[in-house]
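Here's a quick briefing to read alongside the model. Take a look at the picture first, then work through the points below.

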Amino acid sequence: MARAEPGARGLLFFPWMFGERTPVPDTLLRGAFVGLSLEHDRSHLARAVFEGVALNLRWILDAFGAPGRECRTLRAVGGGATSDEWLQTLADVTGRNIDRMENARLAGAIGCALTGAVAVGALPDMRAIKKVIGVARRFRPRAEHAQLHAAQLDSFRELYSALSRAGRRAAAFRLPR
């Protein structure tokens, strides 16, 4: 993916493989690549997938972020959090800081254990967990990509309607299993 420049030469990916629930309730919506041409290679497809997932997340964050209550920093955990490229793409597209937590791959299990520690009184409350878990690295949005990703988001939202109609039409001629 590193070979492909941000914006993937105009290729957009819509990650709705099983429909969408948030921010639009549309169970018949399906994924798509839009703008695909012979000038695109595997690196552009990968870049478009990363950016498409991040664009969908930004749409969700924007839909739920009331003024004064926006989520300015996201915490990354799990296997995907080990990828610098993925986290930088998330930061660039969402316009938010992304914090990779220490022991990101094991963070789910660690979180469960720390919740148990609160339950048995070893930690005073859930806020105390924040003091135990540190940030391994922070990814900041790069200003030079903000305009590109804002334009992508506009296209992403605009094309939703057409893809929604296409998904409904396609559902009408699906063969039963």
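The notes below go from the overall layout to a helix pair, some salt bridges and one glutamate.

This is a predicted model, where local features need pLDDT of at least 70, side-chain atom pairs count only at pLDDT 80 or more, and totals for chains, interfaces and linings use all residues. Residues are numbered from 1 along each chain as its sequence is written, and side-chain values use heavy atoms, with hydrogens and water left out.

**Overall layout**

- The protein has five helices and five strands; here helices (H or I, at least four residues) and strands (E, at least two) are DSSP runs, numbered from the N terminus.
- Reading from the N terminus, the elements go β-β-α-β-α-β-α-α-β-α.
- Along the principal axes, the C-alpha atoms fill a box of roughly 55 × 40 × 35 Å.
- Of the 177 residues, 37% count as buried; buried means under 20% relative accessible area, exposed over 50%, and partly exposed in between, using a 1.4 Å probe and protein chains only.
- Take the contacts (heavy atoms within 4.5 Å) between residues at least 6 apart in sequence: 73% of them join residues at least 24 apart.

**Two helices that cross**

- Two packed helices are described by the angle between their axes and the distance between the axes.
- For helix α1 (residues 42-64) and helix α5 (residues 146-172), the axes come within 10 Å and cross at roughly 80 degrees. That makes α1 roughly perpendicular to α5.
- About those terms: axes are lines fitted to C-alpha atoms, for helices over the stretch in contact, and angles run from 0 to 180 degrees between N-to-C directions. Angles under 35 degrees count as roughly parallel, over 145 as roughly antiparallel, 65 to 115 as roughly perpendicular and the rest as oblique.
- On the α1 side, the residues making the contact include Leu55, Trp59 and Asp62, while those of α5 include Leu153, Phe156 and Arg157.

**Salt bridges**

- The count comes to 13 salt bridges, each being a side-chain nitrogen of Lys or Arg within 4 Å of a carboxyl oxygen of Asp or Glu.
- Asp62 and Arg157 form one of them, at 3.3 Å from N to O. Asp62 sits in helix α1 and Arg157 in helix α5, so the pair ties together parts that are 95 residues apart in sequence.
- Asp62 is partly exposed at 30% relative accessibility, and Arg157 is partly exposed with a relative accessible area of 30%.
- Arg58, Asp62, Arg96 and Arg157 are linked in a network of salt bridges.
- Asp99 and Arg138 also pair up, at 2.6 Å from N to O. Asp99 belongs to strand β4 (residues 97-101) and Arg138 to strand β5 (residues 135-139), so this pair ties together parts that are 39 residues apart in sequence.
- Asp99 is buried at 4% relative accessible area, whereas Arg138 is partly exposed at 34%.
- Glu70 bridges to Arg72, with the closest N and O atoms 3.6 Å apart. Glu70 is partly exposed at 32%, while Arg72 is exposed at 61%.

**A buried glutamate**

- Glu20 lies in the loop between β1 (12-14) and β2 (32-34).
- Glu20 is buried yet has no salt bridge, and the nearest side chain of opposite charge, Arg21, is 6.5 Å away. For charge, Lys and Arg count as positive and Asp and Glu as negative; His and the chain ends are not counted.
- The side chain of Glu20 does reach the backbone nitrogen of Thr22, at 3.2 Å.
- Leaving aside residues up to four places away in sequence, Glu20 touches Pro25, Asp26, Thr27, Leu29, Asn56 and Ile60.

Terms used
A polar contact is a pair of N or O atoms within 3.5 Å; within protein, one must be able to donate a hydrogen and the other to accept it, and residues adjacent in sequence count only if both atoms are side-chain atoms.
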